[in-house]
Amino acid sequence: MVKKALSNPNYKETLGGNAPVMATRFAKEGVRNILLGSHNSQYMNRHLPGDIELTGSTLDQGNSSWDIHL
């Protein structure tokens, strides 16, 4: 299912989880010095504004660091 969904032309990827979504919203509203207790990954780097600091370790490239919800 995931493979089929990823190949769909209408595929859309968004950030999920309360804390990352809230941190992103705070950044959009102008809040600065946001500290997010989460692991860092390429996926998170693509979706979080650059001014949000992550406290967790960086996950390996091969590690699946995100959940898929269809």
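I take a nonpolar core to be a set of buried Ala, Val, Leu, Ile, Met, Phe, Trp, Tyr and Cys residues joined through side-chain atoms within 4.5 Å, where buried means under 20% relative accessible area, exposed over 50% and partly exposed in between (1.4 Å probe, protein chains only). The model is predicted, with local features needing pLDDT of at least 70, side-chain atom pairs counting only at pLDDT 80 or more, and totals for chains, interfaces and linings using all residues. Residues are numbered from 1 along each chain as its sequence is written, and side-chain values use heavy atoms, with hydrogens and water left out.

I looked up the largest nonpolar core and found ten residues: Leu-15, Ala-23, Ala-27, Ile-34, Leu-36, Tyr-43, Met-44, Leu-48, Ile-52 and Leu-54. Two or more of these residues come from each of α2 (18–28), β1 (34–36), α3 (42–47) and β2 (52–54), with helices (H or I, at least four residues) and strands (E, at least two) taken as DSSP runs numbered from the N terminus.

I then listed the contacts (heavy atoms within 4.5 Å) of Ile-34, leaving out residues up to four places away in sequence, and these include Ala-23, Ala-27 and Ile-52.

I next turned to salt bridges (a side-chain nitrogen of Lys or Arg within 4 Å of a carboxyl oxygen of Asp or Glu), of which there are three by this rule. One joins Glu-13 and Arg-46 at 3.2 Å, N to O, linking the loop between α1 and α2 to helix α3 across 33 residues. Glu-13 is partly exposed because its relative accessibility is 27%, whereas Arg-46, at 52%, counts as exposed.
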